[in-house]
Structures are given as C-alpha cells and as structure tokens.
Amino acid sequence: MFDIDDTLVDLHQAMKDAMIAASRPLVPHLGAGEWDAFAAMYMADVDHFYDRYVAGEFTFAEQRGLRARAVMAHFGVSGFDLAAEQWWIEAFEKAQPGYIRAYPDVVPVLDALDAAGFPYGAVSNNVHDYQRAKLDVAGLSRIRVLVGIDTVGAAKPDPRVFAEGCRLLGTVPAQTLYVGDNYLIDAEGSAQAGLQGVWLDRKGGGPPSSAAVEGVRIIGGLAEVQGLAGLMLPRARAGVQL
C-alpha cells in the first residue's frame, strides 16, 4: 500500500504551481525567488492548519484559506478579506488539477506489481473522493483500493486505516508493505499497526531524530519497492516470491 501525496503524486510541485497561478493577480510584484518562499511558507504550514483539519477542527476549504491568509499577511498583501480569500480558494482548486503529475517511478513499479500479481492500494490522510479524483487525474486510476480519512472515520497513524486497507486488499498486515514520505505518520505509523513500514526519502535527508520504531526500511525511490517485495521485472525473472 502507498501514501498518495508526495509519494505517488508530486503534490508539492502541483500546489506550488497552482498557488502561483491563483496568487499572481493578488501579488503581481513577486519575483521567482519570492514565489519559492511564498510556496514554501504555505507548504510548511507552521500553524498546523492541515493537521487541525484532519483532527476535525476546520473544513478542508477553511484550512486552505487560513494558510493562504497567513502567507498573504507575511508578504504584506492588503485587502485579503473573506471575499478575496474565497476567490483565491476557488482559483486554486480550479488550477491545481492541471498541475497534478505522478512521479516518474510510479508507473514502472505498478507495472511490476501487476505483472507479478501483487495487490496494491493507497491510504491517505484526505477524504476518499478528493484523492480518488487526484489519482485519476494523475493517470493512476488503476489504483482501485483507496482508504481516506472518511472511510473509517480516522486518520493515519490510527491503526484502523491501515487495517482497512489490508482488509480491502485481502492481505495480512505483517505481509503488507506500506510506503510513504512521512516518517512518523507513514513509516512508523504503519509499522506500529503491524505492517512493514517503508519510508520514502526522496530528498535523502535521513530519518528525524525522534525516530524510535525499529524495522522501518528506508528507500530513496519507488523502484526499490520491487526489491523489498522480492520482485523483479518479468523479463528478468519468471518466478516471483515474496
């Protein structure tokens, strides 16, 4: 099983591009470097508005607006009132699907899993239908099993979401890999739920100092999933073992 955002789909780049498209009419004076800082501040979400949305404190649109409001204030944008905020949210939502892309290493690993007959799916900390649309836009409609935070009324690292993913796949947790880009929520969370936790460290930064769960595997790209699962491409190996 896979996480979606920044594991299968390059959400960071998609959000940055959509954010610039939605914000440029309001902040026309920023240069390229400033846009990088603008996007980085939004993505950092130092007030944890997204986590608070997951916990039920805000709606999805509210957390997006609050994050935008904080960034606009930092860059001295005046007149970003509720009407402007609503306009920005709608502009962002309209623009983002056009920038959604799967990482280049996603399709090859799914092809290998398909060829070997391994079931796969996704568990995400966003609602099912929103993530379903994201996968489809990214060309990943073949991922049929999808667990969102509204599927069982819980979010990662709650063991129930991982267990539901295994149930839908028909796999035993101890024999199921879970791959995600967030060390604590994805790797440690799935390991604590009884799965084989795999941290996708695309940037090569290494695990956080708070890492405490033994047995978490670390990979730098999804091509390494084949090795963890004992897979090789069909042309290189006729038999498949787990």
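Which residue in strand 5 is the bridge partner of Val198? The partner is Arg217.

The model is predicted: local features need pLDDT of at least 70, side-chain atom pairs count only at pLDDT 80 or more, and totals for chains, interfaces and linings use all residues. Residues are numbered from 1 along each chain as its sequence is written, and side-chain values use heavy atoms, leaving out hydrogens and water.

**The sheet**

Helices (H or I, at least four residues) and strands (E, at least two) are DSSP runs numbered from the N terminus. Two strands pair if DSSP finds at least two bridges between them. Three strands make an open, parallel sheet in the order 3-4-5. Strand 3 and strand 5 each have a single partner strand, so one side of each lacks a neighbour in the sheet. Strand 4 and strand 5 pair over three bridges, in the parallel sense.

**The cores**

A nonpolar core is a set of buried (under 20% relative accessible area, 1.4 Å probe, protein chains only) Ala, Val, Leu, Ile, Met, Phe, Trp, Tyr and Cys residues joined through side-chain atoms within 4.5 Å.

| Core | Residues in core | Some members |
|---|---|---|
| Largest nonpolar core | 49 residues | including Phe2, Leu8, Phe38 and Trp88 |
| Another core | 11 residues | among them Val145, Val161, Phe162 and Cys166 |

In the largest nonpolar core, Phe2 is one of the residues that touch the most other members. Not counting residues up to four places away in sequence, Phe2 has contacts (heavy atoms within 4.5 Å) that include Leu8, Leu110, Tyr178 and Leu222.

Technical notes
Buried < 20%, exposed > 50% of the residue type's maximum accessible area, 1.4 Å probe, protein only.
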